[in-house]
Amino acid sequence: MNVYAIRTIFHQEMTRFFRTIWQSLASPVLSTILYFVVFGAALGARIQSVEGVDYAAFIVPGLMMLTVLQQSVTNGAFGIYFPKFSGTIYEYLVAPASWVEVTIGFVGAAVTKSVLIALVILVTSFFFVGVNIAHPFWMIAFLVLTATAFSLLGFIVGLWAKNFEQLNIVPMMVIMPLVFLGGAFYSASMLPPFWEGVAKMNPVLYLVSGFRWSFFGLADVPVGLSLFAVTLMIAVCLTIIWRIFVTGWRLRD
């Protein structure tokens with residue numbers, strides 16, 4: 001394992017992140033405040049609680065998950081796309097580093113960025129509502145696993161994309177709708193039976209459910225299924241990335 005290569009890529013990506021740290025943090029914090037104003041105040045006045053949890057507190061895991069999924073995909077995609085765009089991707093391909101080390105470097109940085117932003121959102125939420133975390137270890141575990149899964153997905157998007165427009169297709173046209181339909185701001189049990197069944201076909205529901213369980217001990221689906229879903233996604237994404245590097249698809253065009 002070429003630790004030096006991993007450290008170099010990771011340091012390069014994190015340096016780029018910290019150069020624009022205020023812009024990177026200001027946007028999600030502002031979005032969180034707006035969500036609390038719109039959902040917490042407006043809807044909270046009509047929905048006092050969900051399964052015994054104050055509605056303003058209930059949406060905190062959903063807000064964090066929304067940000068983690070978007071940031072993970074975006075950071076994972078842009079990290080590897082820029083070397084392709086600038087032509088420096090060939091330096092990674094001929095360097096004494098395997099696809100595993102290159103992936104760990106880029107994806108590790110994307111995961112770190114997403115988790116940092118999620119924790120900032122969690123701290124911001126304390127100014128609006130009291131949030132008790134029932135299972136802190138599992139909260140961090142779900143956060144890191146989810147960020148890893150979607151950073152890997154973003155990495156694949158960055159390898160696939162041929163232009164900047166394609167980079168935004170998945171975060172805007174796929175991730176955001178799935179999060180909003182995946183119980184980020186409501187419980188699937190609040191839906192009619194038919195639509196509850198439809199909602200459970202959404203893979204994001206399992207991630208949001210497991211993450212919310214770590215806060216309140218409430219889940220729309222068994223926690224074991226949530227862990228299985230995120231683990232399966234990581235395995236599938238790693239297999240796809242391995243195949244891309246082996247075949248050189250979209251890397252040597």
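Visitor: Leaving aside neighbours within four places in sequence, which residues is S125 in contact with?
Guide: This is a predicted model, where local features need pLDDT of at least 70, side-chain atom pairs count only at pLDDT 80 or more, and totals for chains, interfaces and linings use all residues. Residues are numbered from 1 along each chain as its sequence is written, and side-chain values use heavy atoms, with hydrogens and water left out. Contact means heavy atoms within 4.5 Å. With neighbours within four places in sequence set aside, S125 touches F36, V60 and V131.

Visitor: Is S125 buried or exposed?
Guide: S125 is found in helix 6, residues 99-125. Helices are DSSP runs (H or I, at least four residues), numbered from the N terminus. Buried means under 20% relative accessible area, exposed over 50%, partly exposed in between (1.4 Å probe, protein chains only). S125 has a relative accessible area of 1%, so S125 is buried.

Visitor: How are helix 6 and helix 7 oriented to each other?
Guide: They pack at an angle of about 130 degrees, with their axes 8 Å apart. Axes are lines fitted to C-alpha atoms, for helices over the stretch in contact, and angles run from 0 to 180 degrees between N-to-C directions. Angles under 35 degrees count as roughly parallel, over 145 as roughly antiparallel, 65 to 115 as roughly perpendicular and the rest as oblique. Helix 6 and helix 7 are therefore oblique.

Visitor: How many residues of the contact of helix 7 with helix 10 are nonpolar?
Guide: Helix 7 contributes W138, M139, F142, L143, T146 and F150, and helix 10 contributes L207, G210, F211, W213, S214 and F215. Ala, Val, Leu, Ile, Met, Phe, Trp, Tyr, Cys and Pro count as nonpolar, Asp, Glu, Lys and Arg as charged, and the others, Gly among them, as polar. Three residues of this contact are polar and none is charged; the nonpolar ones number nine.

Visitor: Which residues touch the most other members of the largest nonpolar core?
Guide: A nonpolar core is a set of buried Ala, Val, Leu, Ile, Met, Phe, Trp, Tyr and Cys residues joined through side-chain atoms within 4.5 Å. The largest one has 69 residues. Those touching the most other members are V60, M64, L69, F155, F211 and F215.

Methods: Helix = DSSP H or I, 4+ residues; strand = E, 2+ residues; numbered from the N terminus.
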